[in-house]
Structures are given as structure tokens and as C-alpha cells.
Amino acid sequence: MELLQALRALPRGAGPEALRLTAALFEAAVDADDDVDPRFRDELIRVLGPVMAEDTPVTVEDAAAYVTGVDAEVLVAMLPRLRAALAEVRGLKACLAREAVELLSRVETLLHDAPATHTRRALEVAVNALRARLAAELSRLHAPVTVLPEDALPVARWMLGDGPPPRGAAVLEFARGLDDFCRRAPLSPATLDALRALARRADAERDTPGWPLLVERLRTVRPRLLPRRPLSPFYRSLAGIQARTPDAPASLEALLRE
């Protein structure tokens, strides 16, 4: 065992400070079995006994509590759960799936309740990486609107029908559905009305960061959605009509009007 090898490598009487360097190894060895292992007991007495005397811990759990500053009972209760969650998070393949979202929700609660340990920090790093992956996938689905890592979980819950609409939900819904409308172009009157209804809801959230990006995206694809038969130069000159490319449209819905 790696922990036993690390203890044997320490000189006799090395003391508590030397033991703290092995804190992560002690955490990995903590489980529900608190029986005294004579191998660890002897090594702990050899390394700590000359300094700590009768206060020398003789079990892995007590030694782990000493080096982490966390009560042994708390470590026994939490560390196996943290390690199991870490293995699950690292083993996830798909991030935008109900299994992943439920796991991320459970793990965030676990992190909130867990004491500060090496294992907790490792789990936090893995969760942040998973949250970043989830945000990247959501941003791809809602391009050009970006979903930030800190917003990824509530957005994913909403998409999967497991949570309330997040801030800017209508903007996200419009962004996610726009490519589908483009594939169906030119749009029938009924389909165009449906898109305008989505745009109207998104316009109500124009204070969200993604709305201006969505305006630019809609301006780009608008000719596909609303193809117009161009007027000849003669009729344009008669009518005094010039091609319009407004810099700041009043709304998404305005861009979808003939």
C-alpha cells in the first residue's frame, strides 16, 4: 500500500509536520473499518511516538483526522462518499444527459456539506471540468448565445424538463430553434408566425447578454427565412426605395416583418 510505503520512508521521530505531507494518502486509506492495523500502528508509533508520546494516533482514521484537522467520524462518513462521487464524475462520457445533470446536482450538494480535504478539492476540480464541458455543449446548441459554466446546470435542468426556466430562457429557446427554422425555409405563414412568437418572447429579455448576438445572427439568416423578390433598379428609383440594413433594429420580431 502506498501509504504504508510512505510511512516507512519517514525517519524515526520525524514528527507531525512530516506526516502532514502524506495527508492525501491518509484520506485515500480511510474507510468504515476502524480496526487497528498493526502495520500502521507500528509505523505511526515509530514516526510520531518520540514526539507525541501518549497522544500518538494508532489508527489510520485518527492519524488522518490529525493531519487534516477534521474529526475522524466525519472523515469516515464523508471520504468514501467523496471518492465514489469523484469516480462517477471522472467516468462520465456524455455531459448533457439526465444522468450527468442529476449527478452534478448531487455532487454540488455533497461539496457544500463536505469538510475541506484533499479529496474534496479533487472532486471540486473534476466538477468544475464537467461544468465547463456542459457549458461548452450548451453554448454549441445555443450559438451564438454563450452559456457560462456557472449557469450550465440550471440551463441543462430546464432543457431536460427538470427545473424552472433560467434567466434568458426565451433568448436561449430562440437561439436553439433558429437553425431548425432555417432548414425549413422559406417559411410558411403559420411557421413564420410561430417564429415571430418566439422572437416576441425573446425580445422581452433583451437585457440578457445573448440578445444582441442573437440579433446579429438573425440579421444574417433573415434572407433565407424571408426571401424577397428584388425590385428592378427602375422601380426602386421610382419608389425611392433603398435597401435597408438597419444598424439597431427595434426587436427580433421587427426583423421578421416583411
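Guide: Contact here means heavy atoms within 4.5 Å. The model is predicted.

Visitor: Which residues of H8 meet H9?

Guide: On the H8 side they are Arg131, Ala132, Leu134, Ala135, Leu138 and Leu141. Their counterparts in H9 are Pro149, Glu150, Ala152, Leu153, Val155, Ala156 and Met159.

Visitor: What classes of residue make up the contact of H8 with H9?

Guide: There are 11 nonpolar and 2 charged residues, and no polar ones. Arg and Glu count as charged, and Arg131 in H8 and Glu150 in H9 are among the residues that meet.

Visitor: What is the hand of the crossing of H8 and H9?

Guide: The crossing is left-handed.

Visitor: What makes up the secondary structure of the chain?

Guide: The chain has 14 helices and 0 strands. Read along the sequence, its pattern is α-α-α-α-α-α-α-α-α-α-α-α-α-α.

Visitor: How many of the contacts with a separation of 6 or more are between residues 24 or more positions apart?

Guide: Such residues account for 67% of those contacts in the chain.

Visitor: What share of the chain is buried?

Guide: Buried means under 20% relative accessible area, and 42% of the 258 residues are buried. The accessible surface of the chain is about 14400 Å², with 54% of that belonging to carbon and sulfur atoms.

Terms used
Residues are numbered from 1 along each chain as its sequence is written. This is a predicted model: local features need pLDDT of at least 70, side-chain atom pairs count only at pLDDT 80 or more; totals for chains, interfaces and linings use all residues. Side-chain values use heavy atoms; hydrogens and water are left out. A crossing is left-handed if the near helix is turned anticlockwise from the far one by less than a right angle, and right-handed if clockwise. Helices (H or I, at least four residues) and strands (E, at least two) are DSSP runs, numbered from the N terminus. Buried means under 20% relative accessible area, exposed over 50%, partly exposed in between (1.4 Å probe, protein chains only). Accessible areas come from the Shrake-Rupley method with a 1.4 Å probe; for residues, only the protein chains shown count as cover.
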